Amino acid sequence: MKKLGLDASTTTVGYAFVDGKEVIDLGFIPIQKEKSIRDKVQLTMDTITELDPFDQVEQIYIEDSLSGFSRGRTSQQTIIKLAKFNAVLVYCLEFAYGEIVEGINPMTARKHLFGKARKQGVTAKDFVKKEINCLYNLEEYVKLTKTGLWDKRNMDAYDALVCALYE
């Protein structure tokens, strides 16, 4: 099945195209320079459309936006802004691709793929990175910073891959 997984935030959108369990494309779209939600969604849609390697994507999974506060690190305004962005993005995806877009809880997707959502004492990001790297060699897709370090925005692509591999 040809699927697209997305992990959208207001600064970066991770994407992953898979066919069955095979990774076809993986990366992230930097959208932080765009001022409005409309411009962020337009850039995301334009990029996804250009990247789409399939004649027809059969399913799109997008990571559900936050529904609560993250131990004091996430403000109410951030949650509202992210929810608005995700809602507009989902609407545009449904308009472009049809009724094949499904929001998925990241914990549910991780449990399905790895058998558990977290490991005690390990951040969710580190857990996902380790588990994905055990399943796939993604060196050809990983982007490095100008100084040659692993770009942290690759994590959005890894999260998108977890969504794309959900069944």
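Me: How does strand 1 pair with strand 4, and over how many bridges?
Reply: Strand 1 (residues 2-8) and strand 4 pair in the parallel sense, over four bridges. Strands are DSSP runs of E, at least two residues, and helices are runs of H or I, at least four, numbered from the N terminus. Two strands pair if DSSP finds at least two bridges between them.

Me: Which residue of strand 4 is the bridge partner of Gly5?
Reply: Tyr61. This is a predicted model: local features need pLDDT of at least 70, side-chain atom pairs count only at pLDDT 80 or more, and totals for chains, interfaces and linings use all residues. Residues are numbered from 1 along each chain as its sequence is written, and side-chain values use heavy atoms, with hydrogens and water left out.

Me: And strand 5?
Reply: Strand 5 (residues 101-104) pairs with strand 4 in the parallel sense, again over four bridges. There, Val101 is the bridge partner of Ile60.

Me: Why is strand 4 largely enclosed?
Reply: Five of its five residues (59-63) are buried, so the rest of the structure largely encloses strand 4. Buried means under 20% relative accessible area, exposed over 50%, partly exposed in between (1.4 Å probe, protein chains only).

Me: Which residues sit on each side of strand 4?
Reply: Gln59, Tyr61 and Glu63 are on one side, Ile60 and Ile62 on the other.

Me: New topic. Which residues of helix 4 are buried?
Reply: Ala124, Phe127, Val128, Glu131 and Ile132. The face turned away from the buried side of helix 4 carries exposed Lys130 and Cys134.

Me: What do the buried ones pack against?
Reply: Helix 3 (106-114) and helix 5 (154-164). Contact means heavy atoms within 4.5 Å.
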